[in-house]
Amino acid sequence: MTDQSHPGGTGRIGAATVARVGYGAMQLFEPSSAEAAAVLRRAVELGVNHIDTASFYGPGEVNRRIRQALAPYPDDLVIVSKVGARYTGEDPVPLAAAQRPAELRAAVEDDLRQLGLDCIPVVNLRRLDLGPGLQPEGDQIVDVDDQIAEMVALRDEGKIGAIGISAVPLDVVQRALPAGIVCVQNPYSLLDRSQEATLDLCATEGVAWVPYFPLGSAFPGFPKVADNPVVAEIAGELGVTGAQVGLAWLLAHAPNTLLIPGTRSIAHLEENRGAASVTLSADALARLDAVGATEPQPHGVQPFRR
């Protein structure tokens, strides 16, 4: 049970109603298990009921920590995983592509075992079409129709409840829609509006839009939303942080947006949750919209992080 209302109000991901401010658990393999458990439990206390994870985080350690901290799970908790990569532990990129249908199925089985669930509520097919990401080679170049067919089979078997898709351009989303896609995870922020047409399609089709890198890339040389002078100016006027302004803009920009900002810190978790209470005036929204319209959009492939 939670002790606060759902942050940001509620949205839909498939048949489930979730808080619009959720939580991305990727970083939870870094702190101690006790610290990770404290973050997860505080998230639930704050009304978060949408947690994003993957069996290749850790590998598997994040899933195991979620189970350790939260099982038996709250009735309204929606755990969303993703498949399409595998953990290697190698430098500088600790992941490799795992795009073949059999690998997608194996990753779902890992999720089920690690999380202690009979069915994963939502599983995203993480393609390699958009950066940041790995480049598929050889037998890892797989047609999306073959992948979606395997995901549909897993859904029909009751191993997953619903299908999402990630890191995909507009045409791939259009191809996947007939399968009943419930969410799309693509890179998107105030400073990176390159996927606006895909967002518009999702809004029209009632598909949840779950942006990753919502505050800009964490890599050196790439802009961060909180560092933008307009964002900083508005944050100062409102007495909030730049990150909160960036997240609040995402919530205001499209009603089908669900956020999953990640952190290993309770303080940052509470800051992110606080973005749900930030009200942007029409003037502030116009100023922020203008930033996105003039910011150069990213090109090329960046290192894989999700």
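Helices (H or I, at least four residues) and strands (E, at least two) are DSSP runs, numbered from the N terminus. By that rule, Val44 sits in helix H1. The model is predicted: local features need pLDDT of at least 70, side-chain atom pairs count only at pLDDT 80 or more, and totals for chains, interfaces and linings use all residues. Residues are numbered from 1 along each chain as its sequence is written, and side-chain values use heavy atoms, with hydrogens and water left out.

**The open sheet**

- Strands of a sheet pair through backbone hydrogen bonds, either parallel or antiparallel.
- Here two strands count as paired if DSSP finds at least two bridges between them.
- Seven strands make an open sheet, ordered S3-S4-S5-S8-S9-S10-S11, with parallel pairing.
- Strand S3 (23-24) and strand S11 (208-209) are the edges; each has a single partner strand, so one side of each lacks a neighbour in the sheet.
- S5 pairs with strand S8 (residues 122-126) in the parallel sense, over four bridges. Lys82 stands opposite Asn124 in S8.
- Strand S9 (residues 163-166) and S10 run parallel, joined by four bridges. Ile163 stands opposite Ile181 in S10.
- Strand S10 (residues 181-185) is mostly covered, with five of its five residues buried. Buried means under 20% relative accessible area, exposed over 50%, and partly exposed in between (1.4 Å probe, protein chains only).

- Strand S1 (residues 10-13) is joined to strand S2 (residues 16-19) by four bridges, and the two run antiparallel.
- Thr10 stands opposite Ala19 in S2.
- Two residues lie between the strands of this hairpin, and Gly14 takes a positive phi near 65°.
- S1 has a covered face, Gly11 and Ile13, and an uncovered face, Thr10 and Arg12.

**Helix H2 and its burial**

- The buried residues of H2 are Val62, Asn63, Arg65, Ile66, Ala69 and Leu70.
- Seen down the H2 axis, these residues fall within an arc of 165°, so they line one face of the helix. The arc is that of the directions from the helix axis to the C-beta atoms.
- They pack against helix H1 (33-45), strand S4 (50-52), strand S5 (78-83) and H3. Contact means heavy atoms within 4.5 Å.

**Helix packing**

- Two packed helices are described by the angle between their axes and the distance between the axes.
- Axes are lines fitted to C-alpha atoms, for helices over the stretch in contact, and angles run from 0 to 180 degrees between N-to-C directions.
- Helix H2 (residues 61-70) packs on helix H3 (residues 101-115) at about 35°, with axes 8 Å apart.
- Asn63, Arg64, Ile66 and Arg67 of H2 make this contact with Asp111, Arg113, Gln114 and Leu115 of H3. By class, it has two nonpolar, two polar and four charged residues.
- Ala, Val, Leu, Ile, Met, Phe, Trp, Tyr, Cys and Pro count as nonpolar, Asp, Glu, Lys and Arg as charged, and the others, Gly among them, as polar.
- H3 and helix H4 (residues 144-156) cross at roughly 35°, and their axes come within 9 Å.
- Pro101, Leu104, Arg105 and Val108 in H3 meet Asp146, Gln147, Glu150, Met151, Ala153 and Leu154 in H4. This contact has six nonpolar, one polar and three charged residues.

**Val44**

- Val44 is buried, with a relative accessible area of 8%.
- Val44 and Arg193 are 149 residues apart in sequence and 31 Å apart in space, C-alpha to C-alpha.
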